Amino acid sequence: MEGNRHQARGNSAHHSHGDEKFIWKYVFSTDHKMIAKQYLFTGLFMALVGAFTAYLMRWQLAYPNTAAPGWGVVTADKFNMLVTMHGTIMVFFVGMPVLVAALSNFVIPLQIGARDMVFPRLNMLSYWVFVASVVCLLASFFVPAGASACGWTGYPPLSASQEYTGIFWGVVLWILALALEFASFTMGGINYLATFMCARAKGLTYSRVPLATWFLVGASLAFFFSVGPLIAGAIMLLLDNVAGTGFYLPQKGGEPLLWQHLFWFFGHPEVYVVFLPGLAAVLEIIPVFSRKPIFGYRTMVWSMAVALALSYVVWAHHMFISGMDPRLAMPFSITTILISVPFAIIIFCMLASLRGGSIRLATPMLWAVGFLVTFLIGGLTGIFLGSAASNIYFHGTYFVVAHFHYTFFPAVFFGGFAAIHFWFPKMFGRMYSERLGKIHFWLTFVFFNCTFWPIFQIGSGGMIRRIADPSQYRILDQFKTLNVFVTISAFILIAGQIVFVINFFWSIFRGPAAEANPFRANTLEWSAASPPPHGNFTAAPVVYRGPYEYSLPDRAEDFVPQNEPPLAQAEGTA
Amino acid sequence: MTPLTPDKIYGWGVPFAASSYAAKLDRQLNIFHAAMILIFVCWAVYMAYCLIRYRAKPGVPAEYGHLSVVTSLIPDGIILAFEMFMIFAIGLPSWAHVMENFPVEKEANVVHVIAQQFAWNIHYPGPDGVFGRTSIKLISSGNPIGLDDSDPAAKDDIVSINQFHVPVNKPTLVYLSSLDVIHSFNVPAFRTKQDATPGMQVRIWFEPIQLGTFEIACAQLCGLGHYRMRGDVIVHTQDEFDAWIKKKLAEKSES
């Protein structure tokens, strides 16, 4: 009876949305799945812009002061803009929309058995505010004097007054773009959190919530509690630029280090805002493709909670040599070391989940395994930088560049591609090509390492960041060949993404139709149709067990969907 | 001791350790490297073993059970213990040595370094050991740090741009500041690095142990000319250094 009523409502909802006009269905949609796709496509488009900035910078570093094909000579003023915009785009306009927004929007409601977000209109608004933010950022390339050239960290006084860079509109638009983005993700985050807390299916207790949802919610929490101080900081920076105040200008009584504290108080949790969703996808994929329960479910959720709490007290490890009191190095070194422990626990739990499994290296699993290996390198090299004494030499060198590319790239791209392939059948109702998926993985994996591994070496040799012309320094002479090698690898890495583009679009339109549960997984999203209609489930799902019951003994099938009624109860109702 | 040539200073690894604390910091890097490689290899080998040993085989189901959680905490515990050891036994003592234990001013070569877009101004107190007064109002193209010539202490002061002359085997104590934006005083061969922030004056020190010329490279994005904000630390014997000071003083009185 109950089921029938839900079914009827589901159908009518589906019907009333069925003959919507194009603009309501594809542009101003309130359907969380369509909004997820909008974020995904916007983010992937921005990744192309980000890749182009990388191409120009790498060209200049390998072949200084020669014309880059399709652009021309990358002059020093342009190089500083490229450095700034590459960081801003990749962190805030690729990592955030693809991982935080697209994944949370698509996965959370489906995994918890909800019909949609609890605030669908707010959800739509958050996307369109984000579009405004993208427009602001892209417009800054075309204003007089060009885009901001103060680095993605925007340290004042350089960013606080145009007398130091000659750039006014670029900096103002950059701050405005970030402000709009923060507004957008605050709206989104409220939605994910409220949906997670209020709209879970019957029986889906907190200890039965799939890890992907836990980690996505964790990412939004990390964002919420850290962004406030930065918004205040950004307003002061804006006022310094447009209203002649001096919050960060010492000649007017200001304090440049204040920005660094506010920025990194946000900046370190922000790493986890991008990292946790990547981890979320990988955590969901590993049990499905090794056909066994995830190891340490509770341990991992609690580890995440501890890591989030600690992430608010590590920020000054970005500032060891900034001129703050050197005695602060001790507490911040200790918290930094402590925060590596919960992540070590999570990584070891994932490794232990492989043991005794029946592992199939399909494309999503390849990305997941690639994520583990590359992120581990990123984590281990972080130990060098978190220890104050070794930070003195490495700070501001390419060692840091290599380190954060080994953390961000696995999170955003390995985690992102894992998620895209894993949920592709659910999102588009068709299967991707396994063969192209594997070619794309190996191209990316090999050339990612060829690009960023030598950068550790270059950084150890002393190459400093954000140098527009490496031929100025004797210290960089011996790295000419290595820089050419890195550049060529980066070009192949970028070109390799064409395979993904082909696979993605070909499969959306021509891929074989996907069944509802192609990977034989347990969580609720796989009990909906592929792709799920507006309203997701024909009947409200009821959950009877945890999400990772794989390879239970004495069963014919090696998986038990969360919403499958227990045997006794099923017989009773029949 | 002969001066080092650049090809001896700069190679593929970290540059030649040309200051008294460089070797100490390098030793820490080496221990970290060894430990991190060990962790990575153990981890990666075990993962490769799992991926091969437990690959999907027809008719072989996965195991439903697991190791106990306690067993899995053993590697976490080992890593935590190692990291604590690194921090307390090696990291913080060397940090304190470099950043908190400064040489006595009387026994050191004391210098002001004033960074600006895009140059390093080196200000020596001269034979009297007292720095002359400076003022932003007096800054001009011939007087980059705004030295006040009416101050008697300024009479024997020497200002040098991008050429930082120091004596070997004697600590140099630097008072670092900036006139405009944040720069970072970075001498890779000495393992010295410190941000120069406007509105602040920070102390740093180093003791060169090798003769030669070592590059200063700004390590903080400071604007359009950041990439060419380079200088040199020129390490002399004490006699050469004294002679250089004398020569500069003679030049100054002529002009």
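Let me start with the open sheet in chain B, which in this predicted model has 3 strands in the order E4-E10-E9, with mixed pairing. At its edges are strand E4, residues 163-167, and strand E9, each of which pairs on one side only. If we ignore direction, neighbouring strands of this sheet are turned by 25° against each other on average. As a reminder for anyone new to sheets, strands pair through backbone hydrogen bonds, and they do so either parallel or antiparallel.

Staying with this sheet, E9(B) and strand E10 of chain B, residues 230-236, pair in the antiparallel sense, over 6 bridges. One of the residues you can look for in E10(B) is B:Gly231, which is the bridge partner of B:Ile216. Then there is helix H4 of chain B, residues 238-254, which lies across E4 and E10 of chain B and runs at about 135° to E4(B).

Now to the contact of the two chains, which takes 75 residues from chain B and 79 residues from chain A. On the side of chain B that touches chain A, at least two residues each come from helix H2 (22-53), helix H3 (69-99), strand E6 (183-187), strand E7 (192-196) and strand E9 (212-217), so E9, an edge strand of the sheet I began with, is also one of the suppliers here. Which element of chain B gives the most to that side? That is H3(B), with 16 residues. By class, the side of chain B that touches chain A has 47 nonpolar, 16 polar and 12 charged residues.

H3(B) deserves a careful look, with 31 residues and a reach of 42 Å from its first C-alpha to its last, which is close to the 45 Å expected at 1.5 Å a residue. Where does H3(B) bend? The bend, of about 40°, is at B:Gly91, and a proline, B:Pro93, follows within four residues. B:Gly91 is also buried, as are other residues of H3(B), including B:Asp76, B:Glu83 and B:Trp95. The cover over the buried residues of H3(B) includes H2 of chain B, together with helix H10 (329-354), H11 and helix H12 (388-394) of chain A.

That brings me to H11 of chain A, residues 363-386, whose 24 residues should span 34 Å at 1.5 Å a residue, and because its end C-alpha atoms are 34 Å apart, the two values agree. H11(A) is itself mostly covered, with 22 of its 24 residues buried.

Conventions. Residues numbered from 1 in each chain as written. Chains lettered and ligands numbered in written order. Predicted model: local features only at pLDDT ≥ 70, side-chain atom pairs only at ≥ 80, totals over all residues. Expected span 1.5 Å × (residues − 1). Buried ≥ 20, exposed ≤ 12 C-beta atoms within 10 Å, placed from the backbone. Contact = placed C-beta atoms within 7 Å. Nonpolar A, V, L, I, M, F, W, Y, C, P; charged D, E, K, R; others polar. Bend = angle between axes of the 7 residues up to and from the residue. Pairing = 2+ DSSP bridges. Axes fitted to C-alpha atoms, helices over the stretch in contact; angles between N-to-C directions.
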